[in-house]
Amino acid sequence: MANSGFLQVVFGLLWVTLFLKAFSDATASPKFTTKPNNPLVGFQGEAVNFTWEFSNHSISKVYFGVYKRDWGTLGNTLIWIASHKNGSVDVTVAKNEPDVKPYIGRMRWVGDLSQNKAAFELSPLLSTDKKFYGIEVEFGPTTLSGFTELDVKMLSNFTLGAGTLSVQRGQRATFAWRYDLNKDDIQTLSSITFGVYKNGEYKALCLIKVKGKYVESTNCSTGIRNPDAHHTVLESTKQATFVLSAINLDDEAVYSIRLGGTLRNMENKILLIVTDPPKITQPPKSTTIIEGKTLNLTCAANGKPRPVITWLKDSQVVQENYTEQYVIRSTERKDDGKYYCVAENEVGKVTSGIATVDVQYAPIINISSHLQIVRVPIGRGVLLRCPVSANPEAKIEWLANGILEKRDTDELYIFISNSFDYANYTCKASNSIGKDYVTFVLQQVGPPSVPRVDCEKREDSRVSRVAIFHWLEPKDDGGAPVLVYTVKHRILKNNFMRGAWSNENVTNTRTWYKFNLQWQTTFEFSVTAWNIYGESKLDPDNSCIVTIGKEPKTEEEGSTLNPQATKQVVAAAARKGDTGSSSSASVLVYVGPIIALVVIVAVVAVLIHRRRRKRGKRGKREWNDPRHFSFGEALSLEGNVWGEASANDNLLGSRSRTQSMVGSPCYQMDPDWTIPREKICILKVIGNGAFGLVYKGRVHGKGPNSVGWNLVAIKSPYADATDAEIRDLMKEFELLKTLKPHPHVIRLLGCGEDEGRPLVVIEYVPFGDLLGYLRKSRGENDDYYSDPEIKPNTNLSSQQLLRFGWHVADGMAYLASEKIIHRDLAARNVLVGEGLSCKVTDFGMAKDVSNDDIYVRTTEGRLPVKWTAIEALTGSGEYTTKSDVWSFGVVLYEICTIGAEPYAGLNGKEIPQRLDDGYRMPRPGHVDPELYDVMTSCWESNPDDRPTFPELKETLIKLEEVQTRDYINLSECLYQNVKANGQVRLPKRKSFLGSIGKASGSSKEAAKGNAYHMGPEISASNVGTAV
């Protein structure tokens, strides 16, 4: 109990003591419990805090500002704080006083009165802020004040260092720092430490004791790194450099320098990155693999940074990433080749050795099916080919009807001498992987059977001199379609004397032929058929004989036509070997007076027509001169019936006029290039121009099939062509003879003659002229060349158009090398052949300038103005190859605009002056400026400044090879042509076409007055003019 009472007394005394202390604090005068350092040091450009803490009293206001030490009070108040009973405060920053303006925006309240703390921040510090600053705190009627001096110092800092240092393994690393110390730090600098952070700890490599500018000691033997591997370059108060030699991969870390003794701790860090060039540790190995299996090649490499592995096959990149494996899941034979890898990082590159991958596969005979039907006639040989692809090499065996015939060759020649030589020949190929085979079934074929004549089907006219000779199709075509019929005809004298046969080739689309026969003459007719294997036999018993009686006299000659008189006109048709009487084979034709009247009117009309033609066209030859009939005066042909009427017939204008004979030749045939007429079959008209007509036809023995008929194009003058026009065509023939075959120049095959008319035979191109091809590809109609076998491509690409351009440049480069100036280069004179290969053609205006490379035009004539070079239009009329380069620039414009008209909207007569004034066609918006520069380079006024054709070819090939860029933006082109005045125009090519029976103008006149060659008398504004 006594102890318990004692404790109560002690606790009571303790409570009283605490109460008295609290009461004393509450009633004591306020005071500062914490003050700022005096002086308070701050660094220029940084922030400084003025902080006062005071005893717990109720605060009403706090003032902070510049302290006037002489006055012992605040001078300019910068900020003041008002406290409210609810605990909130109002912060007011002075703004209007002049002395306060330097502090605006830099002073802010950071204190907390609820914690009896007044704090103010000034940032950033200026050198002018070095002053005394004070505080006044109002506690009701009591005011507490204090002050401190602010010393603003310049901040010491590093001027060089920090960042990343990359060093290759084995080399040395140089760490260089520079620093700018203030005066105080210079005096107090005591140490420089160079160290490294390893495993989260800082380890010193070098310790340097200094005193101001003086080095007292250096210790780089800290045991962290071999002291011989580093050294120092030191100027203690300005810079320090440390060098580590023989850097290794484990030296990669953060290195720093620390300056001791400064007002503030100073440290600067540099990250060292150690690099290592790639090194291939496991190169790919050569391997043999069966097709279809998985190929896995390995190329292991190390290096720092991690190297990129690039796989190449036959020097072409096939994979590029960080993967060490190159995998092909299902190997194909095309994967056979030489592989290697390249390991590369930012500090080096290394290439592995070559690994050969040998992909083995079973034999494959590269023929479409295992069963091949081979048609071969008796008396011919056939070479059977068995092209085998195999790895390893295949063993080849040939079997005839199952019996071994030959080994170890992929070809077998069989000569068919009789029907017993026809057999089944099998080619077998085998290796260790597998086998393949193909069987050739030899099938007997040959020329067609004899087409039987049909003498009973006679369609003679009432005047009894027109005979239509009919025959039947062969019963057996010999295994190939009939290509051509050869109608044979000859004169019979005294019914038994027979002359030599004359031949007329007829297309396979009809089985009749129309003759105009001579009076008082007997004729014999027969026919043979051709296919690719040859001509059918000429059966002496398979012919028709037609006898024409005397010509009936007209009333003008004093005779009266009556049935008795017309009995003298007898036409007999009989097949040899027929047993019927001659009277049963004869047909008597009675011609009435009305027929005589028609004949008289026709004769008068012909005489008038001939007289007018002679008067209007002096110097032209009489195309119907009877001296030039194909077999004497006995027979005349009413046109060569080459094909059935088609849409192409409108190219002929007047059929009888266009297909009639010309007069005596004004040219000479070259025997080395002559093709006999019987080996030429004209099928139909496919084009025309100023020179004449272009036919589609067949020629026997010229072309790919040396023993059969080949498609060709045939150029021939109009029926009433002048000697000069024929000479121009033959000049083109003579020029083509001098040229060797070139892939981008039309090829000459030979020359023939048809009733005094020259026929120039050239290779046939299925797509027609380039201008028409371009226009048709955008859906425009174009009749300049009207027989394309294949429809134009409607999805032309920029690359394809550039390919057209360099094809033309290549062809012109060849002509230039042969010293030939074309003078009429235009898209219409370029043909598009197989594989869309362009071929330069139409050499009617071309000149051979092998002597001096210059041709001077000395006569007035028609010029393709829009394609002709400026020097030929406005100068002395000189043409060089560089004049053709100008024309090529226009062709390139036609190609890029998909067949638009050059100089759209300009009259042809305006063009020479406009060009002389410096005008050139503007760039179409869809054409890249780089490609347009190629065009304009061709249009330089000085010919010597224009590129050559080889240069143009190379330039366009390079543009075509750029797959990532469309130099012709077809999506913007919209296949339109933009006029010079900015209006859009879609030009339509002027039609040269007449129509059958149209009275106004001939096809020849329309062609000669066409939109591309104008004479002085023509004034059409959209094409050319005479110069």
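1. Strand E33 (residues 395–400) is joined to E34 by 4 bridges, and the two run antiparallel. Strands here are DSSP runs of E with at least two residues, helices are runs of H or I with at least four residues, and both are numbered from the N terminus. Two strands pair if DSSP finds at least two bridges between them.

2. A word on the basis of these notes. The model is predicted, so local features need pLDDT of at least 70 and side-chain atom pairs count only at pLDDT 80 or more, while totals for chains, interfaces and linings use all residues. Residues are numbered from 1 along each chain as its sequence is written, and side-chain values use heavy atoms, with hydrogens and water left out.

3. E33 and E34 belong to an open sheet of 5 strands with mixed pairing, in the order E30-E37-E36-E33-E34. Its edge strands, each pairing on one side only, are E30 (371–377) and E34 (403–407). From one strand to the next, the twist averages 25 degrees.

4. Another open sheet has 6 strands, ordered E2-E10-E9-E4-E5-E6, again with mixed pairing. Here E2 (40–43) and E6 (89–93) are the edge strands and pair on one side only. Neighbouring strands are turned by 30 degrees against each other on average, direction ignored. Within this sheet, E9 (residues 132–139) and E10 (residues 142–153) pair in the antiparallel sense over 8 bridges, and Val137 stands opposite Leu144 in E10.

5. Over the whole chain, the secondary structure comes to 16 helices and 62 strands. Of its 1027 residues, 46% count as buried, where buried means under 20% relative accessible area, exposed over 50% and partly exposed in between, with a 1.4 Å probe and protein chains only. Among contacts between residues at least 6 apart in sequence, 65% join residues at least 24 apart; a contact means heavy atoms within 4.5 Å.

6. How do H13 and H14 pack? Helix H13 (residues 929–938) and helix H14 (residues 949–961) pack at an angle of about 170 degrees, with their axes 11 Å apart, and are therefore roughly antiparallel to each other. Axes are lines fitted to C-alpha atoms, for helices over the stretch in contact, and angles run from 0 to 180 degrees between N-to-C directions. Angles under 35 degrees count as roughly parallel, over 145 as roughly antiparallel, 65 to 115 as roughly perpendicular and the rest as oblique. Glu930, Leu931, Val934 and Cys938 of H13 make the contact with Leu952, Thr955, Leu956 and Leu959 of H14.

7. H14 also meets helix H11 (residues 881–896): their axes come within 10 Å and cross at roughly 25 degrees, which makes H11 roughly parallel to H14. On the H11 side are Thr881, Asp884, Val885, Phe888 and Leu892, which meet Phe949, Leu952 and Leu956 in H14.

8. For helix H7 (residues 723–737), 15 residues at 1.5 Å a residue should span 21 Å, and the end C-alpha atoms are 21 Å apart, which agrees; the expected span is 1.5 Å times one less than the number of residues. Its buried residues include Ile726, Leu729, Met730 and Phe733.

9. Lastly, Phe242 is found in strand E18 (residues 239–244). Phe242 is buried, with a relative accessible area of 0%. Its C-alpha atom is separated by 8.8 Å from that of Trp177, 65 residues apart along the chain.
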